[in-house]
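Welcome! Take a moment to look it over, and then we will walk through it part by part.

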Amino acid sequence: MPMIVIVGAQWGDEGKGKIVDLYAANADVVARWNGGANAGHTVWLNDKKYVTHLLPSGLLQGKVCVLGGGMVIDPEKFLKEISDFAVQGVDVSSDRIMISASAHIVLPTHKALDEALEKARGKGAIGTTKQGIGPAYADKKKGRGLQAWQMLFPSEFRSQVLQLSRAHNLELNRLGFPCNLDAHYTADKYQKYANQLAGYVQDTSRYLRQRLEAGKTVLAEGAQGTLLDVNYGTRPYVTHSSTIAGSATIGLGVSPKFITKIIGVAKCFQTRVGEGPMPTEILGDEKLIKHLRSEGLPGEEKGATTGRPRRVGWLCLPSLCLAARINDLDELVLTKLDVLSGLENVKVCESYKYQGQELANLPDDAMANLKDYTPHYQDWLGWNEKEIVCRPDYQELRGQALSYVQKVERAVGVPVKLVSVGTDRNQVIFR
Ligand code: IMP
């Protein structure tokens, strides 16, 4: 009954899509537990790029895919995604894709509220993806959000959509950003979506438990990353779901007793989209920024949902240690080692200065106060691409490339079992 959890160890975009796709080959079910269409999980197959926003990354391995009860689902985005994949010949039938009856539904007015709240924050804007994620989770917490099971009763669902849209319109007026979305129009549209989606809505926590008890492997796929977690992340610049491993069981409705392994994915440097502190951010050195962003290349550092260029920075070991602790990582996967090739030196933040103290182990409140932390760097020797050997018949890390990986695993105290060295599914080195 193995349940393997894959979690982002930084600010999202660590390359989880590729890693989940890889591990999905040996899984029976891939289940996403949090977030919504704010995510963009990228998988490259034979030089072709596939991006999923709501669907789990196990889709391309032909596995059963579950959208868990902890997710917030935009029906329009879901229908577009399945129709786009259907055109590409991917099986998107309701035998293979299930939406948890407990997942929450995103309305157009959630997106309008997301935009309005961002405008109201002014200089303190979070830089959200404007997918309505925060307002949808807020409604869930308030107990007034709509759940997927309600779509099984389309005409009642219509009146509930109408009621909630009207409440949202009043809030938008109060915020000073009136919205011209007609509640009746939305309600009619959502009644149609309910008819289209009803076949996908399932009792997924029961299904997952049955599969686990039958000895099948479930891969739990996290969206975003630990540092964007609503509790433990760089508040208030976070997403509004819980992104850490412990939340996988809540979001999927299965017992924590089923978890057998927790894998954290981290880039060999850091990236961040949206606002918020990033002490190791590289500013001013345009050549280096371009290099780390892989501008114009496959794997370019651009938000998969918003197209925004990602901020780039050096690897931060203290925050990786924090992620290892909070998630209790069993294994680490490092991605994009190849991107650092060719640099003479690679900086790594080994500790922080905060209120006169040198800290390598961060307290729980560090993320919320990260803007006041000053990074202390070490220069590690760089390597060239010859030190990364990744042929179909032979894979090896040599010299400083190997040393980089070893130093990271020593500092974090978690073994690095896999290193990704290119965009393609096969460009990986198992250790
Ligand atoms: P929201 O999730 O759209 O509310 O955005 C909140 C913050 O999380 C913003 O800084 C976003 O840029 C960031 N964010 C949300 N989803 C992702 C993701 O999938 N990758 C990276 N950052 C994300």
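Predicted model: local features only at pLDDT ≥ 70, side-chain atom pairs only at ≥ 80, totals over all residues.

## Around the ligand

Which residues are closest to the ligand? The ligand is surrounded by 15 residues, and the closest of these are Asp13, Asn38, Thr129, Thr239 and Val273. Sorted by class, this shell holds 6 nonpolar, 7 polar and 2 charged residues.

Some pairs of atoms can be picked out between the protein and the ligand. Gly127 has a backbone N or O atom 3.4 Å from an oxygen atom of the ligand. In the side chain of Arg308, an N or O atom is 3.0 Å from a ligand oxygen atom, and in the side chain of Gln224, an N or O atom is 3.2 Å from a ligand nitrogen atom. On its own, the ligand has 470 Å² of accessible area, and the protein covers 98% of that.

## A look at Gln224

Gln224 deserves a visit of its own. You will find Gln224 in the loop between strand E10 (218–221) and helix H8 (246–252). Is Gln224 buried or exposed? Its relative accessibility is 8%, so Gln224 counts as buried, since buried means under 20%.

The side chain of Gln224 makes polar contacts with two asparagine side chains: one with Asn34 at 3.4 Å and one with Asn38 at 3.2 Å. Setting aside neighbours within four places in sequence, Gln224 is in contact with residues including Gly8, Gly12, Glu14, Lys16, Thr239 and Ser241.

## Asp229 in the loop

Asp229 also lies in the loop between E10 and H8. With a relative accessibility of 0%, Asp229 counts as buried. Beyond its neighbours within four places in sequence, Asp229 is in contact with Val238, Ser241, Ser242, Thr243 and Ile244.

Two of these partners show up again in polar terms. The side chains of Asp229 and Ser242 are joined by a polar contact of 3.0 Å, and a polar atom of the Asp229 side chain lies 2.7 Å from the backbone nitrogen of Thr243. For a sense of scale, Asp229 and Val389 are 160 residues apart in sequence and 35 Å apart in space, C-alpha to C-alpha.

Most residues other than glycine have a negative phi, and most peptide bonds are trans. Where can a cis peptide bond be found here? A cis bond joins Arg235 and Pro236, with omega at about 0°. Pro236 lies in the loop between E10 and H8.

Gln224 is not a glycine, yet its phi is positive, at about 55°. Gln355, another residue other than glycine, has a positive phi near 45°. Gln355 sits in the loop between strand E16 (345–354) and strand E17 (357–359). Its relative accessible area is 68%, so Gln355 is exposed, given that exposed means over 50%.

Thr335 is part of strand E15 (residues 331–335), and at 3% relative accessibility Thr335 counts as buried. A polar atom of the Thr335 side chain lies 2.6 Å from the backbone oxygen of Glu14. Leaving out residues up to four places away in sequence, Thr335 touches Glu14, Ile19, Val265, Ala266, Lys267, Cys268 and Ser420.

Our last stop is Gln191, which lies in helix H6 (residues 183–197). At 23% relative accessibility, Gln191 counts as partly exposed. Not counting residues up to four places away in sequence, Gln191 touches Pro154, Ser155 and Arg158. From Gln191 to Ile259 the distance in space is 38 Å, C-alpha to C-alpha, while the two are 68 residues apart in sequence.

Note on methods
Residues numbered from 1 in each chain as written. Heavy atoms only, no water. Near = heavy atom within 4 Å. Polar contact = N/O pair within 3.5 Å; in protein donor to acceptor, adjacent residues only side chain to side chain. Areas by Shrake-Rupley, 256 points an atom, 1.4 Å probe, with all protein chains shown as cover. Nonpolar A, V, L, I, M, F, W, Y, C, P; charged D, E, K, R; others polar. Helix = DSSP H or I, 4+ residues; strand = E, 2+ residues; numbered from the N terminus. Buried < 20%, exposed > 50% of the residue type's maximum accessible area, 1.4 Å probe, protein only. Contact = heavy atoms within 4.5 Å.
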